[in-house]
Amino acid sequence: MNGAKSLVQTLLASGVDTCFANPGTSEMHFVAALDQIPGMKCVLGLQENVVTGMADGYFRIARKPACTLLHCGPGLANGMGNLHNARRARSGIVNIVGDQAIYHRPYDAPLTADTTGMAQTVSQWVRTGTSAGQLGRDAAEAVSAARTFPGQIATLILPADVSWNEGGAVGAPIAPAAPPAIDHNAVENAARTLRQHGRDTLILLAGPAVQADAQRLVWRVAQATGAALLADYVNGHVARGRGRLPLERVPYTMEAATRALQDYRHIILVNAKPPVGFFGYPGMPSIQYAADAQLQVLSRPDQDPLEALDALVRALDAPQAEIPDPGPRPEAARGVPSPEGLAQTVAALMPDHAIVSDESVSYGRGFYKFTHAAPPNDWLHLAGGAIGDGLPVATGAAIAAQRQRRVISLQADGSAMYSLQSLWTQARERLPVTTIILNNSKYNILIGEYKNVGAVPGETAMSMLDLGNPGISWTGLANAMGVEAARATTLEQCADLLRASFTKDAPFLIELMV
């Protein structure tokens with residue numbers, strides 16, 4: 001058995017059965033092993049940032065890691081934007097990155113790079129294979145690292161000769177370490193704060209704390225104490241819709257976030273970090289909460305919020321509390337497209353248990369309050385701010401759901417251009433993904449940021465934020481990738497196309513002119 005075969009068999013034995021790939025020469029023995037050993041679902045992406053984004057979306061729904069196959073240091077570099085996003089979303093991924101044969105590295109061939117150095121910037125675990133006999137053990141440790149709660153990026157660098165050499169052995173699966181125990185002193189301190197200052201207290205939720213089970217527990221706490229609840233702005237995966245809490249997020253802009261948080265004297269963090277701005281702005285603070293607010297950590301991002309919230313419920317003796325009814329499901333909106341109208345239309349028409357991949361950027365910041373009465377759904381956000389994850393995350397999520405759930409991709413046009421090759425994979429795999437491209441022909445978020453930093457607009461600056469010269473035809477691009485598409489200029493047209501797309505066992509793209 002060569003090293004590549006031991007690697008594939010170890011991945012399968014450790015529960016990794018999906019590989020998102022963009023292979024190259026150094027990885028051909030691994031590709032051959034994937035062909036010869038049954039059990040691994042292999043999905044081709046036409047650019048590495050699509051590959052890593054698909055692996056991120058897969059984990060968010062499947063709750064188990066897939067592996068990626070990337071070609072040498074430059075291939076890893078191409079995928080780093082969405083590995084940054086995946087790391088911020090706390091997704092588990094096992095990257096397999098090819099490399100020069102060990103004996104060939106000293107010759108400094110063109111593709112030789114500091115792959116380890118690059119991997120360390122987006123990975124919690126990095127190792128370079130040194131022998132075929134040890135590769136199985138390396139792979140088992142990589143999977144264990146990726147499965148460490150709530151999820152981590154593990155990168156295993158695979159020299160070509162380690163892959164093709166004989167002497168491979170299958171590594172035994174390694175259970176990940178359990179999450180660190182909660183701090184019961186933190187629980188008692190939070191309970192004391194809530195008893196004494198409940199109505200002046202915000203409970204800020206992130207990570208697994210915005211899933212349905214945790215929501216039910218924290219609602220009991222809020223009802224018993226009068227505390228307010230908010231979700232972090234950059235959660236990767238939020239359980240939403242009927243039967244879930246009508247949570248709002250901390251607003252994106254500094255002004256709105258400061259207004260939303262200024263009255264809270266106490267903030268209890270449940271797997272969340274203290275809220276800060278995405279960027280620093282001239283004359284403005286970095287923190288979004290009041291300077292005299294007292295922050296308490298109930299559970300860190302690496303701890304189990306269910307355990308912490310359950311302990312807090314018991315410390316407060318908080319009674320059962322029904323999740324509030326969000327009211328009737330909205331009707332599809334009519335007329336000229338608007339953020340409110342699109343959100344209302346999606347909420348009116350989405351199937352039960354849909355998955356929403358939201359990279360609507362500035363257009364969709366207010367979607368939440370118009371979609372609380374939608375059917376139960378899973379809403380996936382851009383968590384790291386590196387645009388270009390919406391389309392591949394939608395693609396990976398659809399594969400994780402085994403084509404049994406409709407995925408709705410709400411996608412800004414500028415960021416979609418970063419990873420539009422995802423449409424080809426959707427067509428190749430015949431995935432039930434409905435993409436709504438929000439075509440305003442500009443980088444609208446950057447126009448807003450340009451103003452926020454106090455820069456003076458001018459012709460040259462605005463031309464660098466304009467996507468309309470020449471115009472981009474998203475129906476044409478989708479068709480070229482094998483995806484059926486149509487353009488909508490009204491919300492009625494958008495609604496009709498949405499309804500029709502939900503009947504198709506294939507991807508469909510709506511170019512909504514906004």
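Some ground rules. Residues are numbered from 1 along each chain as its sequence is written, and side-chain values use heavy atoms, with hydrogens and water left out. As the model is predicted, local features need pLDDT of at least 70 and side-chain atom pairs count only at pLDDT 80 or more, while totals for chains, interfaces and linings use all residues.

I begin with the record. An unreviewed UniProt entry annotates residues 1-106 as "domain: Thiamine pyrophosphate enzyme N-terminal TPP-binding"; such annotations may be inferred rather than shown by experiment. Over residues 1-106 the chain is 49% helix and 19% strand. Helices (H or I, at least four residues) and strands (E, at least two) are DSSP runs, numbered from the N terminus.

Next, salt bridges, meaning a side-chain nitrogen of Lys or Arg within 4 Å of a carboxyl oxygen of Asp or Glu. The count comes to 19. One of them pairs Glu429 with Lys41, with the closest N and O atoms 2.8 Å apart. This pair links distant parts of the chain: Glu429 is in helix H16 and Lys41 is in strand E2, 388 residues apart. Glu429 is buried, at 10% relative accessible area, whereas Lys41 is partly exposed at 32%. Here buried is under 20% relative accessible area, exposed is over 50%, and partly exposed is in between (1.4 Å probe, protein chains only).

Two other bridges sit within single helices. In helix H10 (residues 212-225), Asp213 and Arg216 are 3 residues apart, so about one helical turn separates them. Their N-to-O distance is 2.2 Å. Asp213 is partly exposed at 43%, and Arg216 is partly exposed at 40%. Salt bridges that share partners also join Arg127, Arg137, Asp138 and Glu141 into one network.

Which helix is largely enclosed by the rest of the structure? That is H14, residues 390-400, because 11 of its 11 residues are buried. Among them are Gly390, Pro392 and Ile399. Just after H14, Gln402 takes a positive phi of about 55°.

Last, the surface. Arg87, Arg88, Arg90 and Lys273 gather in a patch of positive charge. Patch residues have over 30% relative accessible area and no salt bridge, with like charges joined within 9 Å; nonpolar side chains (Val, Leu, Ile, Met, Phe, Trp, Tyr) are joined within 5 Å. Arg90 lies in the loop between helix H5 and strand E4, and is partly exposed at 32%.

How values were computed. Accessible areas come from the Shrake-Rupley method with a 1.4 Å probe; for residues, only the protein chains shown count as cover. Lys and Arg count as positive and Asp and Glu as negative; His and the chain ends are not counted. The place of a charge is taken as NZ of Lys, CZ of Arg, CG of Asp or CD of Glu.
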